[in-house]
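These are my notebook entries on a predicted model. I set down what I looked up, entry by entry.

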Amino acid sequence: MSDEVLVDVEDGVAVITINRPQARNAVNGAVARGIAAALDELEERKDVAAYVLTGAGGTFCAGMDLKGFLAGDVPVVAGRGFGGLVEAPPKKPIIAAVEGYALAGGFELALACDIVIASEEAKFGLPEPKRGLVAGAGGVMRLPRRIPYHLAMEIALTGDHFPAARLREAGLVNHVTPAGEALARAVELARRIAANAPLALAATKRVIVESADWSAEEMFERQQEIINPVFGSKDAMEGAAAFAEKRAPRWRGE
């Protein structure tokens with residue numbers, strides 16, 4: 001995509017790497033546009049079923065590039081928001097692989113992902129109030145939906161750093177790995193996800209994301225609108241045939 005954002009595709013998994021290690025992978029306009037462009041392309045590729053978002057050089061992302069912000073370089077993409085991601089996460093599953101710091105906008109990028117893998121040395125935080133700012137890229141909205149209210153308040157109001165182990169206890173981090181192993185664990189998990197049927201994955205994610213706003217009266221009707229095409233797909237027939245024939249399925253995304 002660009003020097004600031006690297007993309008590597010293998011075994012159905014696209015690893016998207018923020019590549020500004022000299023700036024602790026702070027997000028500038030180039031990074032935001034690079035992530036958005038990568039997702040625009042990858043969402044259409046049938047050979048990609050899942051994503052991993054990570055950062056180069058042992059740090060996930062230190063947030064918005066404040067120097068760039070002061071110079072007028074806004075790291076927002078129309079329709080996708082900060083980092084080219086937070087306002088329009090991809091339809092396909094995305095995993096954050098966190099080493100080092102996931103702070104401010106970096107934490108918000110992780111919150112926009114479906115699964116979070118972090119090393120034991122990783123630190124998370126929303127330090128915006130310490131800079132006279134607000135975590136407006138989803139942080140103060142998503143965080144209390146993912147962890148207990150009072151812990152979310154402590155994180156958001158103090159601006160302090162919190163270790164991966166604490167957020168694992170709170171249910172925000174799925175797995176904590178030894179230092180340096182978050183990416184490998186995330187890729188392994190992404191490959192397990194990518195082995196499943198792509199239409200089923202997309203529908204499953206969509207129901208989980210959208211159903212939070214459905215009433216009890218409408219939820220099954222709304223779900224059926226999303227999942228009925230999956231049950232009538234060629235992949236559904238292939239899944240049943242593969243099971244009966246005791247072989248691995250060959251998904252077509254149709």
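**Entry 1. The salt bridge of D11.** I looked up D11 and found that it counts as exposed, because its relative accessibility is 53% and the cut-off for exposed is over 50%. The side chain of D11 meets that of R191 in a salt bridge, with 3.5 Å from N to O. D11 sits in the loop between β1 (5-10) and β2 (13-18) and R191 in helix α7 (residues 182-194), so this pair ties together parts 180 residues apart in sequence. For R191 I noted a relative accessibility of 34%, and it therefore counts as partly exposed.

**Entry 2. D40 and R80.** I next looked up D40, which forms a salt bridge with R80; their closest N and O atoms are 2.8 Å apart. This pair also links distant parts of the chain: D40 belongs to helix α1 (residues 29-42), R80 to the loop between β4 (76-77) and β5 (81-82), and 40 residues separate them. Is R80 buried or exposed? I found R80 to be buried, at a relative accessible area of 14%. D40 counts as partly exposed, at 45% relative accessibility.

**Entry 3. D160 and K130.** I then took the salt bridge between D160 and K130, in which the closest N and O atoms are 3.6 Å apart. D160 lies in the loop between α5 and β10, and K130 in the loop between β9 and α4, so the pair ties together parts that are 30 residues apart in sequence. I recorded both partners as partly exposed: D160 has 35% relative accessibility, and K130 has 47%. I also noted one network, in which salt bridges that share partners join K46, K234, R252 and E254. My search of the whole structure gave 16 salt bridges.

**Entry 4. Helix α5.** Which residues of helix α5 (residues 149-158) are buried? I listed L151, A152, I155 and A156. They lie on the same side of α5, because they cover an arc of only 125° around the axis. I looked up what the buried residues of α5 pack against and found α3 (105-111), α4, β10 (162-163) and α6 (164-169). The face of α5 turned away from its buried side carries H150 and L157, which are exposed. Just after α5, I noted that G159 takes a positive phi of about 75°.

**Entry 5. A nonpolar surface patch.** I found that L66, F69, L70 and L133 form a nonpolar patch on the surface, and that together they have about 380 Å² of accessible area. I placed L133 in the loop between β9 (123-125) and α4 (139-146). L133 is partly exposed, with a relative accessible area of 32%.

**Entry 6. The chain as a whole.** I counted 10 helices and 11 strands in the protein chain. The radius of gyration is 19 Å, close to the 18 Å that the globule rule gives for 254 residues, so the chain is as compact as a globular protein of that length. Along its principal axes, the C-alpha trace spans about 60 × 45 × 35 Å. I noted that 47% of the 254 residues count as buried. Of the contacts between residues at least 6 apart in sequence, 66% join residues at least 24 apart. The protein chain exposes about 12900 Å², of which carbon and sulfur atoms supply 55%.

Technical notes: Residues numbered from 1 in each chain as written. Predicted model: local features only at pLDDT ≥ 70, side-chain atom pairs only at ≥ 80, totals over all residues. Heavy atoms only, no water. Patch = residues over 30% accessible without salt bridge, like charges linked within 9 Å, V, L, I, M, F, W, Y side chains within 5 Å. Areas by Shrake-Rupley, 256 points an atom, 1.4 Å probe, with all protein chains shown as cover. Salt bridge = Lys/Arg side-chain N within 4 Å of Asp/Glu carboxyl O. Helix = DSSP H or I, 4+ residues; strand = E, 2+ residues; numbered from the N terminus. Buried < 20%, exposed > 50% of the residue type's maximum accessible area, 1.4 Å probe, protein only. Arc of directions from axis to C-beta. Contact = heavy atoms within 4.5 Å. Rg over C-alpha atoms; globule rule 2.2 N^0.38 Å.
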